[in-house]
Amino acid sequence: MPQPFVPRVLRPRRAAPADAVRPTRAEINLEALRRNLRVVARHAAGARVWAVLKADGYGHGAPAVARTLERARIDGFCVALLEEGVELREAGIVAPILVMGGHYENAHEEVIARGLVPVVYDAGQIAAFARLVRAGRTPGPIDVHLKVDTGMGRLGVTMGALPELADRLADYPEVRVRGLMTHLACADAAGDDETTEQAARFEEATALLARRGVRPDVRHAANSAAVLRGRVRLDAVRPGLALFGVASGAQGRSLAPDLRAVMRVRTEVIALRDVDAGAPVGYDATWKAPRRSCVATLPMGYADGLSRRLGNRGHVLVRGKRAPIVGAVSMDMTMIDVTDIPGVSVGDEVVVLGSQEGPLGRGAIEADEIAARSDTIVWEVLTSISRRVPRFYREP
């Protein structure tokens, strides 16, 4: 007789708001999230919307984000890892969840037991799922989505290998290809040539499979940029970044100006000191005061997601006014120059990402600004906010 299934994949854990001592936190605006879903759904033009919640929901906290979107009647979710899918199921999510990474080691049974939909791209993966049915460990057929590499060069069956794989599908009637997908490499580029070529290859792949009797129910390729630009929307779309209020590239922002940032990262001033002209601040003395200055210390550093590259380059908001980051960003602390900001006191709010309205004005530090000053991309900015920074979920 089949042995009872025993779950072995555990969900990761994050700092809980109730346990927070220091004032550093990420505030997640759930109403903005719902608003962004409505915006994306309009651009999807009738295609199903599957939210991509990999990397802890782009740093926003996947369980809470998923619960909010599920209540807003989103069609489903996509994750990269089996562990991420387990985390959502453990959080009570019942909507379809597609595991896009394709690597399951010896946990194929757990994928099915958790009610997750696997993505496959080679015969070995298909055979592993078929063996579960043949061994009586799970009923069949098992529904999968087949990934085709149309130009990303990362994962997916190549166009050259697709005919052989399509022929071998007949050997595994226990596995049913219900979805066909690909990944767009340049959807946010200024030009459309690469996306057009990938879309054409995807149509070739669809036709090749149809000639062998494989006709998936749903095809999907579009990420946030493609959705906003109306490209390759097909039966379903897979937005990630746009749901969190960020439209990559100038064109993306112009196409969806009504998107709203979902995350706001704030901390507080924990110390103030006056330093003489020429006095060094921080590791390696990368900044020396050009005049007698007032320097504030913040309880947030690169271990929390504030990039070291922002040292002497980035800014934060204090009392509604910008203050430059000075010296090297430490693991747990960062210094800012508040000489030109009158009235700063210990305990004042400091905004690292997002907007602030204070007695001296109103400003915003956006993710794309941080990315530009850090020589990186907005995806890294958001996903770098570490799990030791508690997420506080807010309604308006």
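Predicted model: local features only at pLDDT ≥ 70, side-chain atom pairs only at ≥ 80, totals over all residues.
Residues are numbered from 1 along each chain as its sequence is written, and side-chain values use heavy atoms, without hydrogens and water.

Helix H1 covers residues 30-44 and helix H3 residues 62-71 (helices are DSSP runs of H or I with at least four residues, numbered from the N terminus). The two pack at an angle of about 50 degrees, and their axes are 10 Å apart (axes are lines fitted to C-alpha atoms over the stretch in contact, with angles from 0 to 180 degrees between N-to-C directions). From H1, Leu30, Leu33, Arg34 and Leu37 meet Val65, Thr68 and Leu69 of H3 (contact means heavy atoms within 4.5 Å).

The largest cavity holds about 50 Å³ of space (a cavity is a set of points on a 1 Å grid over the protein atoms alone where a 1.4 Å probe fits but cannot get out; lining residues have an atom within 4 Å of a point). The volume is the space filled by probe spheres set on the points. Its lining includes Leu306, Gly314, His315, Val352 and Arg373. Helix H11, residues 367-374, gives the most to this lining, with 3 residues.

How values were computed: 1 Å grid on protein atoms, 1.4 Å probe; cavity = no way out; pocket = protein on both sides within 12 Å on 5 of 7 lines; lining within 4 Å.
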